[in-house]
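Thank you for passing this entry along for comment.

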Amino acid sequence: MADLDGHTATETGNLDAMVTAVWRVESPRIIARVVRLVGDIDTAEEVAQDTFVSAIEKWRRDGIPNNPAAWLHTTARFLAVDRIRRRDTQRHKYEQVAATTPQTTEVDLDHIVDGDLADDLLGLIFMSCHPILSPDARSALTLKLICGLNTADIARAFLTAEPTIAQRIGRAKRTLAAASIRFELPGATERPARLDAVREVIYLVFNEGYTATSGDRWIHNELCDEALRLGRMLAGLTPDDPETLGLLALIEIQASRLVARVGPDGEPVLLMDQDRSRWDQTLIRRGIMLIGRIEQLHGTAGPYALQAAIAACHARAIRAEDTDWPRIAALYDGLAQIMPSPIVELNRAVATGRAFGPRAGLDVVRPLLELPALREYHLLPAVVGDLSCSVGDHDEARRQFLRAAALTRNNQERSTMLERAARCATHS
Amino acid sequence: MRFMVMHYQTQAMEDGVPPSPEEQEAIGAYMQEAAMSGVLLSGEGVASSAAGARVEVTDGNVRVIDGPFAEAKELIAGFGILEVRSLEEAVEHARKFALLVGAERVDVRRVVEFKDHE
């Protein structure tokens, strides 16, 4: 196509791919802008869709404009204003019929001042991550509105049926509407809790991708990429919030190992056995840089910041034997105080064992054997077995490895545990 | 997937003319834009080639040439590493960058990653 009338020269066949990419980049911004004008997500989404439908028609006919984003924003604003006018006319008619005092609800549409786009986007993130919604509903809505994914993409990523996701999103929107939740930027007092709700969604999406398996194998899952993108967005929009930076640092560093944690035959490779030259140094550098920023902000004591600091200890060790276990154990001590949980305690036992010897590790782990919550959790006997083996208690180690083998659902792990149990038997 | 997005020097940049307030504002607008989109992994800008050098090897013979170099348009002025889903998406970000800062040319190149070798 020739470059005529200020349009980008491009192949017409590329239009679909181009529009998909533009949707991904611009639709969250358009929805965020429009939702501030029209108030509800459903209408804002419809306006965004109408905008893209007219874009495709026009661009197919006339070519792609030089600045598609500007074209889309102008068109979306026009369509939004048109809808508000029609809605107000409608309301005006109802009011006349009802013979009530007509109220001037009309916004002065010609004098709408566009606010800061960053505020609009942050407001939309807060809206789709509203604590009134379940974490699952928040995740689906956020992936749709903020990441620009369609329902089919989300369903595939969550390994769920498309109608389930569609229902989840529909219900989330109805819940927001029923509770009259409109576009808003939470004030200073409400903000920390609202940010927590957003971070919870990002971490949930990341973990959903990180732990996705097919049989015994990790499967590559785009949810990790989406969570990273959301985390980077949120960190860009709230650059001085240490816990947001902590969450981002944590997932950047965890994601740096996505390639290395899969063996040549698709089998999972444990952290200490990974080929560290395959860790993604770009992501590690970003994580460590974020931790530096958290230190400047004096925010190192939050739960995400602590977990990120632990992940960074592993990332900094060039060889597994270089790991700074005393530091990791100290960080777990801190984490156990602010976020006590059996899993944190189990990790603390491992770190303590590595840092200060197996007896110290056993002292931390033993009380966990009494907990009903961990009774069926295979990693508990695996850890106890490992520590018992190190102190020379091979009978106990063998019992624990057999128990771990019986509890795990992963074939690979089962054979490792059985093998370790057999090796213990030769000692006793 | 990752892309390296590169833009090129202008004669003014090569001559060491400091950026005008408008140009600085445009860069600020781009940084805001990049932060909001969550795609920029890293980026750097470079100084005039007068502050650099070039190493040329011909048949094993090494020649070190100090800057400045002619042909400003062939000299990289800066780069960003973007993480996006497709080439088209990287192109849209490059377009925004070019329009905001007034770059005449931006190259978009795929970064080779570990997962490409799987």
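1. Confidence. This is a predicted model, and the predictor gives the complex an ipTM of 0.92 together with a pTM of 0.90. In chain B the average pLDDT is 91, and 97% of the residues score at least 70. Among the elements of chain B, the lowest mean pLDDT, 88, belongs to helix 1 (residues 11-14), while strand 6 (residues 106-110) has the highest, 97.

2. Make-up of chain A. Chain A contains 18 helices and 4 strands, and its C-alpha trace spans about 90 × 55 × 45 Å along the principal axes. Of its 428 residues, 40% are buried. Among contacts in chain A with a separation of 6 or more, 60% are between residues 24 or more positions apart.

3. Make-up of chain B. Chain B has 3 helices and 6 strands, which follow one another from the N terminus as β-α-α-β-β-β-β-α-β. The C-alpha trace of chain B spans about 45 × 45 × 20 Å along its principal axes, and buried residues make up 25% of its 118 residues. Where contacts in chain B link residues at least 6 apart in sequence, 74% of them join residues at least 24 apart.

4. The sheet of chain B. Strand 2 of chain B is joined to strand 5 (residues 76-83) of chain B by 5 bridges, the two running antiparallel, and B:Leu40 stands opposite B:Leu82 in strand 5 of chain B.

5. The hairpin of chain B. Strand 3 (residues 53-58) and strand 4 of chain B run antiparallel and are joined by 6 bridges, with B:Ala53 standing opposite B:Asp66 in strand 4 of chain B. There are 2 residues between the strands of this hairpin, and B:Asp59 takes a positive phi near 50°. Is strand 4 (residues 61-66) of chain B buried or in the open? Of its 6 residues the number buried is 0, so strand 4 of chain B lies largely in the open.

6. One position in strand 1. B:Val5 belongs to strand 1 (residues 2-8) of chain B, and B:Val5 counts as buried because 23 other C-beta atoms lie within 10 Å, where the cut-off is 20 or more. Setting aside neighbours within four places in sequence, B:Val5 has contacts that include B:Phe79, B:Gly80 and B:Leu82, as well as B:Ala90, B:His93, B:Ala94 and B:Phe97, and also B:Val106 and B:Val108. By way of reference, B:Val5 and B:Glu33 are 28 residues apart in sequence and 15 Å apart in space, C-alpha to C-alpha.

7. In soluble globular proteins, nonpolar side chains tend to be buried together. The largest nonpolar core here has 113 residues, and those with the most contacts inside it are A:Val34, A:Ile202 and A:Ala308. Helix 1 (residues 15-38) of chain A gives the most to this core, supplying 12 residues. Apart from neighbours within four places in sequence, A:Val34 is in contact with A:Ala44, A:Val47, A:Ala48, A:Ala76 and A:Ala80. A second, separate core of 13 residues includes B:Ala34, B:Val91, B:Ala94 and B:Phe97.

8. The interface. Contact between the chains involves 17 residues of chain B and 23 residues of chain A. On the side of chain B that touches chain A, helix 2 (21-37) and helix 3 (87-101) of chain B each supply at least two residues, and helix 3 of chain B provides the largest share, 6 residues.

How values were computed:
Residues are numbered from 1 along each chain as its sequence is written. Chains are lettered from A and ligands numbered from 1 in the order in which they are written. This is a predicted model: local features need pLDDT of at least 70, side-chain atom pairs count only at pLDDT 80 or more; totals for chains, interfaces and linings use all residues. Two residues are in contact if their C-beta atoms, placed from the backbone, lie within 7 Å. A residue is buried if 20 or more other C-beta atoms lie within 10 Å of its own, exposed if 12 or fewer, and partly exposed in between; C-beta atoms are placed from the backbone. pLDDT is the predictor's confidence in each residue, from 0 to 100. Two strands pair if DSSP finds at least two bridges between them. A nonpolar core is a set of buried Ala, Val, Leu, Ile, Met, Phe, Trp, Tyr and Cys residues joined through C-beta atoms within 7 Å.
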